[in-house]
Amino acid sequence: MPKLIIDNREVGVDDGATVLDAAEELGIEIPTMCFLKGCKSSTSCMVCVVKVDGLANLVPACGTVAEEGMRVESNCEEVRQARKAALELLLSDHVGDCIGPCQITCPARMNIPLMIRQIAAGELRDAIATVKKDIALPAVLGRICPKPCERACRRNACDEAVSICLLKRYAADVDLQSANPYMPACKPVRNKRVAIIGAGPAGLAAAYYLRRDGFNCTVFDDHEKPGGALRYAVSQEELARPATPAFDQTRLRRVLDKEIALIEKLGVKFQGRTRVAITPGSIEDLRKDFDAVFVAVGRLKPGDAGSMGLETGPNGIAIDGKTYRTNLAGVFAGGDAVRNRKLTVRAVADGKEAAVSISQYLSLFPQGGGPGQTVTGATKAFNIHIGKLKDDEIEKFMACATEGPRVRPSREDYGFTDEQARQEAARCLHCDCRKAENCRLRQYAQEYGARPGRYKGERRLFVQQVQHPDVIYEPGKCIDCGLCVQIAAEAGEKLGLTFIGRGFDVRVAVPFDRSLAQGLKRCAAQCVASCPTGALALKNNPKSPNA
Amino acid sequence: MDELDLTFVEQAVDKIGTGREKVLEILQAVQGRFGYLPEEALERACELTEITPASIAGVATFYSQFRHRPAGRHTIRVCIGTACHVQGGGQVYDAFKRYLGIGEQEDTDQQKMFTVEKVACLGCCMLAPAIQIDDVTYGHLTSDKVSAVLSDFLEQQKAGALQADKQEFLKEIKDLGEIRICLDSSCVASGSAKVYEALRKAVRETGAQAVVKSVGCSGMSYLAPLVEVVLADPAKVGLIGTRRCRSSFRYAGIQPTDARAIVLRHFKPKQIGQKIKNTVSTMLDKILTDRAWEPVTRYSIDVRDQPVASFLDKQLHIATEHCGHIDPVNLDEYVRNNGFKALQRCVSELSPEEVIGVIEHSGLRGRGGAGFLTHLKWSAVRDSGSKKKYVICNGDEGDPGAFMDRMLMESYPYRIIEGMAIAAYSVGADEGYFYIRAEYPLAIKRMSEAISNCQQRGYLGNNIMEGGFSLHLKIAAGAGAFVCGEETALMASIEGRRGMPRLRPPYPAQSGLWGKPTLINNVETYAAVPWIVRNGAEAFARLGTSSSNGTKVFALAGKIARGGLIEVPMGISIRQIIEEVGGGIVGGLRLKAVQVGGPSGGCIPVELAGISVDYETLNDVGAMMGSGGMVALDESDCMVDIARYFLEFTQNQSCGKCTFCRIGTRRMLDILERLCSGQGRKADIEELEHLAQMVQKSSLCGLGKTAPNPVLSTVKYFRDEYEAHIEKRCPAGKCKALITYSITDDCIGCTLCAQHCPAEAIAMTPYQKHEIDAEKCIRCGTCKSVCSSDAVKVQ
């Protein structure tokens, strides 16, 4: 029974146990991709490398047998660098998006493809939950948003973009008209108060998400009613660019009222006709009663911010771009007050992201937190993207969508009917990864700060094989770990899977160019579950967030 | 298309067997029959055997020997080994494809006449750039010779291919003189088979008292076809002091037409009638060709001549003992020359432990590259518990620019067998394999013959030499995968799997072929063993340096006057090898660097040419012994291009298993390609170094771990050239995208360049200076090679 030392801790393991087993014994986590308990380790991904004293090279922990007296370092700089390099190399040969181009382009980063799949499956309650996770006022935005997401939609290359905005409006409208509109679960109330100055889209969004997080929020506004520019803007140009043809401000206000009512129902206090003085010290005064302040006052007159003691930049109040912090402690700012760009969806996104920073700040305040604990702002989810499509790749994407042009509502200012919404939703290409939430390549890439664009080479063509009834195979996401090859062989598949080719061109495929349906007749689900990336995934599973 | 006749598959399976490990053999048989691997045939094979579809499809696509679409009637294999690369092999490849109108993604012409392939190395480095059309090799090619080569080949086809009956070697008769000629692959490529035929004809017709004998290679490839005449007359013994042989004369670069003159010069015809006949025919020759004796004297060389003496003086023949003297597959002759004495001594006088002791004292280290102490490997296998053990001879020499193992196997098959038998005796193995790469058909043929001769005479088989020890040897032919030189991949290949290396430990000594303890040594290692046993460990240990004992065989090639196979004592300096053995650089330029160790090795700059050739010193300067390729590079060789060349090779040969080798080498190559095409970015050199270090440190097997060596060593010693490429300059004038061809005022207006330019970039302007249209120019170098007045300039 050999004893060895990993990261200065001793552990004894059974004969034949690997360094990975020993680390597990110690509770030390070593990242692995090609390794799966119960399968023969292929030692191919090299993400689990560790440093063994006395060896010049690094060795894979999953295949290195523990020996008496071995000294192993599992997380030193050398090891981390090599793992990062392995991940960056794998990413450099990865064809597929983690997040769809629409979602990446949406300032609020709303999970559009998921919402669309939920609409297509008729799971409307799930759809509105998905929407409201990132957009606090979807019914309003469904009417005035200039839809940057639709410009990014990959389907443009084929015919027309999916009508994302109308689908969102549909989800929101159905919800608002329902007997009990969607109310998110709020975390238990915490003994912390946040003052939000300005009841426009940024302020309302911040209040919504802070309330969800368990904070007491009071929204101050000099107008009588909340809504800010959404309610009091003089012209539609101030609200939406480009102007929407069938814009009706009265109707918009009605929808706005309903969405604000839901926010108030959540427990957000609104205090109208209250003007925070544009004088030095007015914000500090507010801080006496509140633990944090979010300034979302809309466009400021020159000098106003300065008068309140806030530093300014060319576009308004100066903030740290990632955390929305101003120069004053505990004071955050967002929306049109900080940027020279009227875009409601951006303001809503600001509110949501500032809420994350404020929440972080309040969990550290007033103790200030331990070393390394600071306000970092919302974490940007790791993403790798295909970029510009080549040749006829768009046709490959079309494999999962219905053909035909956009479905149009019967009148320009109308939304979708149920049927129309479902039809339009079926046009979505499913550009996002079906396994984005459980892809280990993505998880480790995020953890190790791997840069997807570090090594540039000619990329492979996008391919997806959809003949299998349940499983979709995207060779461009395969890391050649061979787990599925092994599983298929052990399951006694007649054809099974094999490695085709050699070197950089190695691909996993069914022998003799047969389809996946013929290759995997028995163990497809097991192969999907074992696949460390999104190469093998279940085709349709609207319940799980990314299937 | 006609329905395939699959009865052949059934016959092949009947003959070969149905085990899973037979997959390579079956595939080779199928390809031999159909010229490619038809899917129906593979599926049929799966039905008839234990081989699964996954296995057959995986194996068939792993090895580059296998084709998946029909090939042309003839296959043109263009060598892109190191020596050929530096002499323009890539341009020759382009020229063939261009001439035959084969598109970029295609490899066969429309008429399905020729398939053009690149081959890693034909092992004919002295003929560089070389190509092979089916069995015929052409050397010293240039882009403009393509049509001449093709028409020559087709004419020869029409005339009926030359039938060199290499099988019927004449037995040596003591009283006769000998006319020796090497018939190994590269010498045959130089025309030695035709000369051999002509000599036999001449002997037959003149009745000369001589035998024409095929012998193992002398190594002097640069002189091929080389004929040595050894006279029987004892009075003339001792003419050449340095060599232990009878009076001998050597003739270099012989043509078949010279054969008769050579025979007549040394051997008097038996009968008077013949004498007259000879005189008459010589007179006729004189009238017809007007060159009677001159050609012979012109070609005649002698060991006393300075160049040859230098080529041989610094050498020391252990693995290549009796080089150029003995008939490769003549077992009697091997036995007469002390053959199997070492094995005899081992089985009758020494215990296995004692033999290992001898090897230990000799200090012999593995000649395959890494230089692991041989006796340690042997002891490990000896000490392993298992009853069943294997010995393997690694003959999968795949380095571009290396051909030592080929020559050893073609020239000294018995010595390798003897060494391997001694090893098997020492470690306790009773079964073994020769793994020989598919590109060496003659080596496979001669080794097979030698094995079967040994079996018949009791040197192999049961109870060898009455010593109670048995050994059965087989041959496993590779199928075109450089990575199979890695021992775990090699074993996977013998077992009928894709040649993928696995993590070591366990080492083959613990768990090798089919999970049994296995000894794997390189060809050259085994070849040195009999000499050590016969001459004693001390004799071997005295040679070389303190840590690298004995001699090392190198394949010397590149921009050198005399290249070929050489065996030199360890510790000799690189400069001595290049200048004294190799005769220095040809072509008027200066030596810039020496590439040692092929794709695993590195480039040693001329400033370091004084270093000693031994394992440690080579490692210290960032190179490696590797399997012993040594290529001299001059000022016209671009070091970035050399790094790119080697990386392209390793990247192409990567098995594709581990991330660092599969993708890492590809990304390194991307950067190098960018540099060579003028797309380099400022941070590229640092990024390349970083990536190289990562690949070196974390790849799974030796191929990946050593793949960055050519890059790291060139970055280290020639960083200025890398920087120049970022500034879009190629100082050596090699990288196509960074150079332009132009014609100087030396042009005499002969129009040759315009006639030959395949891109019509030169307008024909007789008696006037020609101009090259830079837009149309494809930088193939044809104009430069055809120009009669050296008026084409590359910048």
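Tutor: Take helix 4 (residues 112-120) of chain A, which packs against helix 8 (residues 164-177) of chain A at an angle of about 60°, with the two axes 10 Å apart. The model is predicted; local features need pLDDT of at least 70, side-chain atom pairs count only at pLDDT 80 or more, and totals for chains, interfaces and linings use all residues. Residues are numbered from 1 along each chain as its sequence is written, while chains are lettered from A and ligands numbered from 1 in the order in which they are written.

Helices here are DSSP runs (H or I, at least four residues), as strands are (E, at least two), numbered from the N terminus. Axes are lines fitted to C-alpha atoms, for helices over the stretch in contact, and angles run from 0 to 180 degrees between N-to-C directions. Angles under 35 degrees count as roughly parallel, over 145 as roughly antiparallel, 65 to 115 as roughly perpendicular and the rest as oblique. Helix 4 and helix 8 of chain A are therefore oblique to each other.

Their crossing is left-handed (the near helix is turned anticlockwise from the far one by less than a right angle; clockwise would be right-handed). On the helix 4 side of chain A, Ile112(A), Met115(A), Ile116(A) and Ile119(A) meet Ile164(A), Leu167(A), Lys168(A), Tyr170(A) and Ala171(A) of helix 8. Two residues are in contact if their C-beta atoms, placed from the backbone, lie within 7 Å. The residues of this contact are eight nonpolar, no polar and one charged (Ala, Val, Leu, Ile, Met, Phe, Trp, Tyr, Cys and Pro count as nonpolar, Asp, Glu, Lys and Arg as charged, and the others, Gly among them, as polar).

The next partner is helix 17 (residues 418-425) of chain A, at about 130° to helix 4 with axes 8 Å apart. This pair is therefore also oblique, and its crossing is left-handed. Ile116(A), Ile119(A) and Ala120(A) of helix 4 make the contact with Ala421(A), Arg422(A) and Ala425(A) of helix 17. Five of these residues are nonpolar, none polar and one charged.

Helix 5 (residues 124-132) of chain A packs on helix 4 at about 165°, with axes 8 Å apart, which makes the two roughly antiparallel. Their crossing is left-handed. Here Leu114(A), Met115(A), Gln118(A) and Ile119(A) of helix 4 meet Leu124(A), Asp126(A), Ala127(A), Thr130(A) and Val131(A) of helix 5. By class, this contact has six nonpolar, two polar and one charged residues.
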